[in-house]
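Please consult it alongside the sequence and the coordinates.

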Amino acid sequence: MDKYPDQKRAVQFLYPPIEPFDQRMLDVGQGHRIYMEQCGNPDGVPVIVCHGGPGGGTSPAMRRYFDPKVYRIILFDQRGCGRSRPYASCEDNTTWHLVADMELIRELLEIDSWMLFGGSWGATLALIYAQTHPERTTQLILRGVFLMTEAELDWFYCGGAGKFWPETWAKFTDLVPKDERDDLIAAYHKRLFSGDRDEEIRFGRAWSAWENALASVYSNGLSGESPGDYARAFARLENHYFSNGGFLHMDGQILANMGRIAHIPGVIVQGRYDMICPPQAAYSIHQAWPNSDLIMVRNAGHALSEPGISAALVRCMDQLAEEMTQ
């Protein structure tokens, strides 16, 4: 019996597991090699998946949100994470490098235009790519929207979310001396890039634990300890991007540039009780984007694996597939 009466495990909504028909390591320059794979129908509708983080990497489950008979599913690990190398590297690793990497993938695969599917930081990257290359974007499917604004970072790292989870917030802040707690991103940056691997892993695990603990609406505020190398890479990359404002030209850039993609259709799937990326961001871009639909999922938080989120995303992709094959 489900722990919650209306909750099914997210996997029940997904397509069966599939294996890639193409896997490669791509040399994208500046010493970086990124992992890329293709699944599903080689002649199908191309859709590229932008994973979260930054630094989260892809997983086999991400292949399963799409009908493999309809979609040509493209996954890639962004610079420095997953199977990409060098691992945990922040050198020559910016939003604009990632946008260029996506263009390299598109050109290499000889795709004229494609759908973008991304959640959290993946939604950020998808929006920035679309605003940079609107002529190459046919559709946006976004989840748990994050716009890389100072207000959003303040919410999560300056005590906003901590008001709901004071005991979990205390674990995150107590590692840092009191006189550094007014800027926790900077305080963690100092330690995540200290050159002391043990210290970097310790603070990487703390950084990751704070985020993981708040991902699900059913969270009890606890999270398992992440493997050291993964936690270090994830935390370093996230902190690197957040310390630099996502390498955007100005605060609020994505919302200000929504006019560039006003003609592109899109769907936004948002958990009503998302503690990491509150619904305000999703609502704001929906208001500025007349060609978008906003699906607010009740009893859902931030994670892709939330049952309501997974069900909504699969339903959305199936509806689009039906429209394209009629």
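The model is predicted. Its largest pocket has a volume of about 690 Å³, and 33 residues line that pocket. The structure also holds 1 cavity of 30 Å³ or more; the volume of the largest cavity is about 120 Å³.

**Largest pocket**

- Gly52, Met62, Arg143, Ala303 and Leu304 are the lining residues closest to the centre of the largest pocket.
- Two strands, β3 (45-50) and β5 (114-119), each contribute at least two residues to the lining of this pocket.
- The helices α6 (197-213) and α7 (228-243) likewise each contribute at least two residues to the pocket lining.
- By class, the pocket lining comprises 15 nonpolar, 15 polar and 3 charged residues.

**Largest cavity**

- The largest cavity is lined by 13 residues, of which Phe146, Phe156, Phe242, Ile276 and Cys277 are the closest to its centre.
- Helices α3 (150-157) and α7 each provide at least two residues of the cavity lining.
- The greatest contribution to the cavity lining comes from α3, with 4 residues.
- The cavity lining divides into 8 nonpolar, 2 polar and 3 charged residues.

- Helix α7 supplies at least two residues to the lining of the largest pocket, and at least two to that of the largest cavity.

Conventions:
Residues are numbered from 1 along each chain as its sequence is written. This is a predicted model: local features need pLDDT of at least 70, side-chain atom pairs count only at pLDDT 80 or more; totals for chains, interfaces and linings use all residues. Side-chain values use heavy atoms; hydrogens and water are left out. On a 1 Å grid over the protein atoms alone, a cavity is a set of points where a 1.4 Å probe fits but cannot get out, and a pocket is an open set with protein on both sides within 12 Å along at least five of seven lines; lining residues have an atom within 4 Å of a point. Grid points are joined across faces, edges and corners, and a volume is the space filled by probe spheres set on the points. Ala, Val, Leu, Ile, Met, Phe, Trp, Tyr, Cys and Pro count as nonpolar, Asp, Glu, Lys and Arg as charged, and the others, Gly among them, as polar.
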